[in-house]
Amino acid sequence: MEVKTMRTVFKVLAIAGVPATAYLAARGGRLKAERIMEKGNPDSRKEAAVQNIKAYGPAAVAGAATIASIVLCDYFGGKEIAAAGALAAGVAANKNRLKEQFEKYRGVVKEEDGEARDIDIMQKASKATYDGDGELEHEYLIYWLDKPIYFKSTHAKVIDGLNRINQELVDYSRGWGVVTMSDALKFLGKDDLCTTETDKAGWSYDLLNVECDCYWLDFFVFKAGESEWYKNKAIDPDVYIIDVPWSPWPDLQKELEEQHRIGTI
């Protein structure tokens, strides 16, 4: 198994382990409180230790698997793959323990929140995808040209891409005051979505100044289900919308030439 694949496996295990550990720990705390209420405070350290193990044991096991996955993910980022055999076996053991604890977690969900909640969680989990580094991806939608553009990416990559757009627009040490929509898609890591239409559309720092009294672009990222406007467009409520107050000019070059002709810029 190549290094990149192994890192992804370990990181996915780590991501899955965090919510499971948190839930099990919370439930463990409640169980401990209930036992104390029923039996009173333990009279000895030994009795206290027994109660703690019963209450927090499941979370401890899940947590151990999670920590092991994180550590091994970092390990394979910079070490030789030659020593991976024994370590991979250890991870496999932890993975099985984590799976066992997760099944217990599902049982609690069914018991306390019902079968429908368990189905909802498992459906969402089945749709989850990860990038090459094992980071969780989300589905995004850009509606800047009144034509939907969908893509998957991580939150971190999207924020970085949006920051790059403004750097190119307003920081002349990084850019030259013009960003096409194709540039924006490339900054977001989605070169394959570029078209002749996105090549023509874009923003200009000068045009934003004189026509919009705007000196940078605000971007708003939110779930479609949180917006009344997008709720009415039959869009998956869990899709993240990337909105911008000033849409790109459909033909940026033509607009720049016209504004130069009339002397506004």
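Lys200 is partly exposed, at 46% relative accessibility; this class lies between buried (under 20% relative accessible area) and exposed (over 50%), with a 1.4 Å probe and protein chains only. Lys200 forms a salt bridge with Asp251, the closest N and O atoms being 3.7 Å apart. A salt bridge here is a side-chain nitrogen of Lys or Arg within 4 Å of a carboxyl oxygen of Asp or Glu. Lys200 lies in helix H7 and Asp251 in the loop between S7 and helix H10 (252–262), so the pair ties together parts 51 residues apart in sequence. Asp251 is partly exposed at 27% relative accessibility.

The model is predicted: local features need pLDDT of at least 70, side-chain atom pairs count only at pLDDT 80 or more, and totals for chains, interfaces and linings use all residues. Residues are numbered from 1 along each chain as its sequence is written, and side-chain values use heavy atoms, with hydrogens and water left out.

By the salt-bridge rule the count comes to five. One of them joins Glu197 and Lys147, at 3.1 Å from N to O. Glu197 lies in helix H7 (residues 196–200) and Lys147 in the loop between S2 and S3, so parts 50 residues apart in sequence are tied together. Both ends are partly exposed, Glu197 at 36% and Lys147 at 46%. Lys223 and Asp238 also meet in a salt bridge (3.7 Å, N to O). Lys223 is in strand S6 and Asp238 in the loop between helix H9 (228–231) and S7, so this pair ties parts 15 residues apart in sequence. Lys223 has a relative accessible area of 25%, and Asp238 has 36%.

The protein holds 10 helices and seven strands. These are DSSP runs, numbered from the N terminus: helices are H or I with at least four residues, strands E with at least two. Strands pair if DSSP finds at least two bridges between them. S2 (residues 136–142) and S7 (residues 240–243) run parallel, joined by three bridges. Leu141 stands opposite Ile241 in S7. S6 and S7 run antiparallel and share four bridges. There, Val221 has Ile242 of S7 as its bridge partner.

Tyr150 sits in strand S3 (residues 149–153). Tyr150 is partly exposed, at 38% relative accessibility. Beyond four places in sequence, Tyr150 touches Glu139, Tyr140, Leu141, Leu193, Ile235 and Val239; contact means heavy atoms within 4.5 Å. Ser204, in strand S5 (residues 202–204), is buried at 2% relative accessibility. Its contacts beyond four places in sequence include Leu169, Trp249 and Leu256.

Buried residues make up 35% of the 265 residues. Among contacts between residues at least 6 apart in sequence, 60% join residues at least 24 apart.

Mean pLDDT is 74, and 58% of residues reach 70 or more; pLDDT is the predictor's confidence in each residue, from 0 to 100. Over residues 10–16 the pLDDT is below 50, and this stretch has 20 contacts beyond near neighbours in sequence. Residues 49–57 stay under 50 as well, with 14 contacts beyond four places in sequence. Where pLDDT is low, the predicted coordinates should not be read in detail.
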